[in-house]
Amino acid sequence: METAPMKRRKLGHEDDGAEKILKSGASTRFSRSRAFILEADELLQEVQLDHTVALDGVDGLLHRIKGLIEAIEPHAPLPIVETTTMLEKKSLLKVPFPEPRPAETSNLKVSFAKPQFNVVGSYVSKTMVKTQKDHTVDMVIVMPAEIFQEKDLLNLRYFYKRAYYLAVVAAALQKDLSSEAQLSYDYLNGNPLCPVLSIHPTASQKKDNNEITGPLDYRIQIIPCSPDGFFSKTKLNLGAALIRKTGEEAADSSPQPTPFYNSTLAAEGCFLSYLRLLRKTEKKCAAFRSACMMGRIWLQQRGFSGDLPDGGFGHFEWALTLALLLQADSNGNATLSASLSSTQLFKATIQFLSATNLSEKPYILGAGKADLESAGDPGPVLYDASRQLNIAFKMSPWSASLLHQHAKWTRGVLSNNAVDQFSPTFILKADLALHNYDLVARLNYDTTFDDATSVDSRGKAWQFSTKAYRVLNRALVDSELGERARLINIKVPACPAWPLSARPSWPPNSTVEIGVLFDVVNMSRAVDRGPSAGPTAEEKEECQRFRQFWGEKAELRRFERDSIRETLIWNSTTPFDLCEEIMRYVLGLHLRIGHVDKELTVYGNGFSALLPLKPDDGAVFIAAKKAFGTFERDIRDLEDLPLHVKQLAPICTELRHTSVKPPSIRPSKSKSGPRPMEAVISFEASGKWPENLVAIQRTKVAFLLMIGSLLEKKTAGAIKTYLGLEDTKCETENAAFLDVVYESGTSFRLRIHSDLEETLLERQIKDKTLEQHVRTKATSSLATFKRLYTNLPLHNQSVSTFATRFPAFSSAVRLVKHWFNAHKLWCHFTEEFIELVVLHVFLTPYPWDPPSSASTGFLRALLFLARWDWRSEPLIVDIGGEMSAAERVAIETRLEAWRKLDPNMNHTVLFAATSQEPNGVAHTVLDGQAKPSKVVAARMTALAKSACWLVREEGVGLNARRLFVPSLKDYDVLIHLSSMVTKRALRTYSTDEPEEASNKTRSQYKNLDERTGQEPLPLAQHPAEALFKQLNAAYSGPLLFFRGAAEDTIIGAIWNPQLLRRSFRLNLPTSYKPVTQKSDPDEDEGEDLVAVNREAILAEVARVGGDFIERIDAKGL
Amino acid sequence: MPSACPPTIGDFSVLPVSIPPLPSFPRSAVHYVYVRRNAPKVPTADDSRSLFLTNVPVDSTELHLRGLFAALVGSGRFESAAFEEERKESYQASTTDLQPASLVRQLAHSGNKKRKREEDNAAERAEEEEAARLPSTWTRPLRRSGSTAVVQLADEKSVEQVLKAIAKIHKSKKYPTWGENVADRVPALGSVWLKAHNRLSYPDKEVVQAAVDAFSALFAKKEQEAAEMAKKLRGEADEDGFVTVTRGGRNAPASRNEAEEAKQKMLDRAEKRKSELTDFYRFQLRERQKEEQADLLKRFDDDRKKVWAMREKRGKFVPEA
């Protein structure tokens, strides 16, 4: 992790700060980890609270509370039932007894005596941060030993007494404080055994929480606890059964161990001991406090806290772990040295958490023996041997796995020196179920579950969740069946604070939330092979177990090599459906859920349903690739070509698994002409190319014609070729392409690469004697050339590699593209850029792993787009996986240089560099124009931000469609295209006279129509696309158009506010009308003002579009 | 709005044109074309009988303008129109397009004698070039919004008349209508236009082949001419008695590619010689180490600066809620 300190070297001159850090060794090697240290320091300063200001008056209040409690009259032991009733009547409050409440016949006696006071927690250690959810000051009142008996550890007796004690305190405080503070009960860390009194001063409530400088909105928690060491620790070991059944029930079953109950009781006596430990560590290790604050932020960003529903591992547990790691064991050796810096301590703790999954393997901190064997299955164990307490007792097996996983992911970031380590670790909020899990389900348990045998004090939800987790874990995560899922997490509902005069108000809907993180490869398996059904006893036993778990689903099957195995056959095909099917089956089987259909609701699949292609439609892409293979063979087999074919490279989305629509392997009766898949062909180097750009283009045309006729001749009718002309203005640009249409319906578009073209263009750029506009033109032509013949083939290759490497990549790309499409941003972005964005999310997925489903990939891509500060950060996609730090720095420098050169971002806006294309603009600048422009890029960020906000607000129940609804009201002009006319325009025939009037009366008899049986021409480009391009070219000044992909029938547009009014000049950027200046003669006297003639422009658009445009809606006309 | 329109703006006369409503945009509008006498920077013979128009509608064709002027001053006055894009195009074609690029400048320098022959050949060559052109893919081009055109009229008097007619219009408020009596004589826009584009994008192969062949012939001819000229120029002194130095050996000019390759080879050799000598001496090693150290310090400073920059932007150090 950290490198060893460098050898000390004598330096003649004095150390300044920089050199000190250089010499401290830990940071010499890598720029990133240095940056991480600096950034972390900055973070600490930013979040640190100024305690004198923020928590002003807390001490005074605490003193008053102390005085009030001390004034309470002690009383001798009295019977619990009567005393409680009296207290409840007198003070109008309820005693917060844990369930089950003390029986009416209980002969327990309760009393009150003066406690000891202490303030603990992050208030005293000053480790609170500004951004935490709520700021609580923990005041511990140690109940005196005389009110307890030795046997109080049994059957909740201690907790009954504690609840009574708390109620007495509450009654006393209520009298005096109710005017200035709000008093309520709450559970300590959501633990239903330990109610606490929460005091919320009204004075602090008024303050606006966003205002960071003023006093905070804080609460004081009053926590009664037992005297240190009152109960024997040995009796409280994890295996002890302390809740015993009475009467005849007890006779027939041996008591079950109650690990949670025992640990809660043990923890009750440890408050002060831990307070001492933390204070001691703070003194010993200077960086301890900072490390704790960093840990607190890290946990908070991942949704962890000490509360039971939030995982049971919060800053307190973090601080204890770190303190114990810093503590010397019996030999005097500490695991961590107290002289480490705060970032080093933080990294070490992450390392520690990532090394052990506490739910699989208990970990013992400190010297001393722990009796863990007798405990049975106590859940996650992080055992503090000297205090004999399981620090992780509030954790559940799933939260331990989740913590382990998060720590592993963070360790991944921290060890990757190439990327930004800081923001994934501390800034990014990574607690959303939809970002984390591929499948989220809600499960009702109330009506169906009743397990009387369990003695879990955490309540019914927990009993149920534990059981469900065990079942699901075995079915999905265990190695027995090939690890379909990497992680299962369950979210149990929490109980909010409740008023003194009421009973705890558990949320009425009794559901738990289950999140599943897939292992994509394994999850898509439809057949599970279980143990082989052999004759040996072991094998038989295994089969027995298998059958017991899987029930009727298990069947025997014979596989190759004559092995007979227990087998499970599932009906679904996609990973998501498979997971759902398995979950429904096993939960129904083991939890006896009657109607699983109703009780289990599954979320997360809504996104893929939006796409025309299903996630398992990889087959069509493979078919397209095969067809391309045939095409390549056909070309290579041509014998009479004058040059040898070097390479035939695909450059279209259909041939790299990322097109939104399936590749058009067209059945012959399709509605439109074929849409060819594009490719470029390059030949061996040759000196025969003419040394002139125009001549090269013409030679290429001749070449294409030759290839076409050779292909047609060779295959005799199975292939038709069409020579198409590019829609270009300039003769030096590529002039033509060849469309090759196979009889089977597949079609390809071929362009020829000539390397001489590049040399000639480069020569023109360098030639200083040429006119400037020629050189500018040459520069943009060269960029186009490089993109078409170098970048696109490479991009195609690498993207299709990643589509195979990450099974979820292809569908995630399609979802993101669909999003761009739905919001009419499509026309402003290249598809390659969108692919790079998604690729970035897969290659640097921190703080997570690469997404394993389309929906997580999509949502995280949106998150990236929302957070990406493209003004100052380049998007760097390390395709080869071996980009050096120097290369990255070079890319960043290049962006800086661009920004200096073009601060208004007129030419370059987004900067997306890859290891193959470090210039960063191949896919974001086309023909010398930024694609997208700054305005559109800002709109993209805004849309992504609001989408992310919606995802966070709606949570699991999010309706996927809402993310894809365009807001048409943002546009000034809406141009509605007629979909019927568009469809008609999709077919053209070579026999059509181009000049003839529209759809000249065709013969009504099919056999007389000359077009019957004739193949339509391929589409050079979609007609709507062509119209759009023409409009864009004519109105690039006054109107900014927005449009989705080819099928989008509504074009949105906004007026350019900079052009609305101007003085008259010879060269007008668009159509203007004169403005009469009578209204305000003072202004611009003498200048001839003109304003954009909106009506005339829209009338022009209407004329150009003709019948293609159904209607034009304009705002403010 | 039309009532308040001033008759002139700057030195331009304002010509309002009324635009009839269409079903997709049922609203009548007025388009304003700005007209003045043509006075280009480089004067030509026809300037006196031409008008300079700015802000012509995007769907303008020569027929449209002819109709417009006929409505103003009656038919027979209008001769031709040249649109902004076309004028630019012809200019570009003459400088770069069909000339073998490497020879353009040599031809330009070649003096007056050559130009005479050029002029003789001009007409013939224009024809050849026309044959070598690839067919257009649009039946009708769109103009950029707000673009210009130059209209040539029959004579100077027509220019006067047009300007007068425009002034009159402002009084009578009878604006000429755009596209009147023209619609069926120009290629239609809309879906027909788009379909025709797709159709024209796939021209008959024979046509393309013919164009390509014509081009190669033309190109070969030009290249030969240029080569001959270059050869001639090698020994010939110009008016001041200077001989232009051209590349190549005694027999023929060298190919540009070969020259570049030779240069690259030389550079490579120099590079190699240099690289053999790095880290050879102790002082080099020491200097390099020093440089690395300095670099390290510099990067540290860079990092610090970056963090400061981030702090200035704020928000980057606050964990997201």
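In the predicted model, chain B is divided into two domains. Domain 1 of chain B is made up of residues 2-98 together with 143-187, and domain 2 covers residues 277-314. Between the C-alpha centres of these two domains the distance is 65 Å.

Chain A is assigned four domains. Domain 1 of chain A consists of two segments, 51-245 and 253-431. Domain 2 also has two segments, 434-526 and 570-605. The C-alpha centres of domain 3 and domain 4 of chain A are separated by 29 Å. In the contact between them, domain 3 supplies 7 residues and domain 4 supplies 9 residues. On the domain 3 side, 5 of the contacting residues are nonpolar, 1 is polar and 1 is charged.

The two chains also touch each other. Chain A contributes 88 residues to this contact, and chain B contributes 73 residues. Within the side of chain A that touches chain B, the element that gives the most is helix α34, residues 1094-1105, with 10 residues. Sorted by class, the side of chain A that touches chain B holds 51 nonpolar, 17 polar and 20 charged residues.

Helix packing was examined for one pair in chain A. Helix α11 (residues 271-284) of chain A packs against helix α13 (residues 315-326) of chain A at an angle of about 60°, and the axes of the two helices are 10 Å apart. The crossing of α11(A) past α13(A) is left-handed. From α11(A), the contact is made by Tyr274(A), Leu277(A), Leu278(A) and Thr281(A). From α13(A), the residues involved are Ala319(A), Leu320(A), Ala323(A) and Leu326(A). The contact between α11(A) and α13(A) has 7 nonpolar residues and 1 polar residue, with no charged residues.

Two cis peptide bonds are described here. One joins Tyr846(A) and Pro847(A), with omega about 5°. Pro847(A) is placed in the loop between α28 (831-843) and α29 (854-867) of chain A. The other runs from Lys931(A) to Pro932(A), with omega near 10°. Pro932(A) lies in the loop between β27 (929-930) and α31 (934-954) of chain A.

Positive phi values were found at Leu92(A) and at Gln388(A), neither of which is a glycine. For Leu92(A), phi is near 55°. Leu92(A) is in the loop that connects α5 (80-91) and β2 (109-112) of chain A. Leu92(A) has 11 C-beta neighbours inside 10 Å and therefore counts as exposed, the cut-off for this class being 12 or fewer. For Gln388(A), phi is about 50°. Gln388(A) is in the loop between β9 (382-384) and β10 (389-390) of chain A. Because 20 other C-beta atoms lie within 10 Å, Gln388(A) is buried, the cut-off for this class being 20 or more.

Methods. Residues are numbered from 1 along each chain as its sequence is written. Chains are lettered from A and ligands numbered from 1 in the order in which they are written. This is a predicted model: local features need pLDDT of at least 70, side-chain atom pairs count only at pLDDT 80 or more; totals for chains, interfaces and linings use all residues. Axes are lines fitted to C-alpha atoms, for helices over the stretch in contact, and angles run from 0 to 180 degrees between N-to-C directions. Helices (H or I, at least four residues) and strands (E, at least two) are DSSP runs, numbered from the N terminus. A crossing is left-handed if the near helix is turned anticlockwise from the far one by less than a right angle, and right-handed if clockwise. Two residues are in contact if their C-beta atoms, placed from the backbone, lie within 7 Å. Ala, Val, Leu, Ile, Met, Phe, Trp, Tyr, Cys and Pro count as nonpolar, Asp, Glu, Lys and Arg as charged, and the others, Gly among them, as polar. Domain bounds come from an automatic or database domain assignment.
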